[in-house]
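The report below describes a single protein chain for a reader who will check each value against the coordinates.

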Amino acid sequence: GRGYFSIHRPDVFVSAGGKAETYVIFGEARQGGQGGFGNGGGAAGGGDAAQVARAQAAVAQQRAAMAAVAANANAADSEGMPSVEEGTAEEEGVEAKDVDLVMVQASCSRDKAVAALKENDGDLVNAIMSLTT
């Protein structure tokens, strides 16, 4: 029989740049799922398996990019360069993980990411869009 995956309470990010919208879905994919799709008739059944594979690849790529950002931050610390402490006054009211995600997605500095998150009341998608469009 066909298998399917589901993501309980996913984080979904939409980018409407270019010719088509791009959806990036974060969450733990579970085979068999909890979504009540039935056997083989779910969102990832049949022809949608390629979409699930692309979403999983996007998640893996995002995790690798965030690891690279963390590695660069650690390298800066080891070279004696001043580092930005998590939870400093400028970052009050925004989550450090949200700042990191905006930095990776928008390819911007930490200061710009914090400013964009504050301007958009912590909304990740709008913060990223404001920096990339």
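## The enclosed helix α2

Eight of the 11 residues of α2 are buried, so this helix is largely enclosed by the rest of the structure. Buried here means under 20% relative accessible area, exposed means over 50%, and partly exposed lies in between, with a 1.4 Å probe and protein chains only. The buried residues of α2 are A96, D98, V99, L101, V102, M103, V104 and A106. The model is predicted, and local features need a pLDDT of at least 70, side-chain atom pairs count only at pLDDT 80 or more, while totals for chains, interfaces and linings use all residues. Residues are numbered from 1 along each chain as its sequence is written, and side-chain values use heavy atoms, with hydrogens and water left out.

## Overall layout

The secondary structure of the protein comes to four helices and four strands, and along the sequence these follow the pattern β-β-β-β-α-α-α-α. Helices (H or I, at least four residues) and strands (E, at least two) are DSSP runs, numbered from the N terminus. Of the 133 residues of the protein, 25% count as buried. The protein exposes about 8,800 Å², of which carbon and sulfur atoms supply 49%; accessible areas come from the Shrake-Rupley method with a 1.4 Å probe, and for residues only the protein chains shown count as cover. Among contacts between residues at least 6 apart in sequence, 51% join residues at least 24 apart, where contact means heavy atoms within 4.5 Å.

## The nonpolar core

The largest nonpolar core has 18 residues, and those with the most contacts inside it are F13, V99, V102, A113, L117 and L124. Such a core is a set of buried Ala, Val, Leu, Ile, Met, Phe, Trp, Tyr and Cys residues joined through side-chain atoms within 4.5 Å. At least two residues of this core are supplied by each of β3 (22–26), α2 (96–106), α3 (110–119) and α4 (124–132), and the largest share, five residues, comes from α2. V102, one of the residues with the most contacts inside the core, touches S107, C108, A113, L117, L124, A127, I128 and L131, not counting residues up to four places away in sequence.

## Packing of α2 against α4

The axes of α2 and α4 come within 9 Å and cross at roughly 35 degrees; axes are lines fitted to C-alpha atoms, for helices over the stretch in contact, and angles run from 0 to 180 degrees between N-to-C directions. On the side of α2 the contact is made by D98, L101, V102, Q105 and A106, and on the side of α4 by L124, A127, I128, L131 and T132.

L131, placed in helix α4, counts as partly exposed at 30% relative accessibility. With residues up to four places away in sequence left out, L131 touches V102, A106, C108, K112, A113 and A116.

## An aromatic pair

How many aromatic pairs does the count give? The count comes to one aromatic pair, under a rule in which rings of Phe, Tyr and Trp (its six-membered ring) pair if their centres lie within 6.5 Å, with planes under 30 degrees apart called stacked, over 60 edge-to-face and the rest tilted. The pair is F13 with F26, edge-to-face, at 5.4 Å centre to centre and 80 degrees between the planes. It links distant parts of the chain, with F13 in strand β2 (residues 11–15) and F26 in strand β3, 13 residues apart. F13 is buried at a relative accessible area of 14%, and F26 is buried at 15%.

## Loops beside the helices

Most residues other than glycine have a negative phi. S107 is found in the loop between α2 and α3, whereas D121 lies in the loop between α3 and α4. D123 is also found in the loop between α3 and α4, and its C-alpha atom is separated by 9.1 Å from that of D98, 25 residues apart along the chain.

| Residue | Relative accessible area | Class |
|---|---|---|
| S107 | 67% | exposed |
| D121 | 75% | exposed |
| D123 | 33% | partly exposed |
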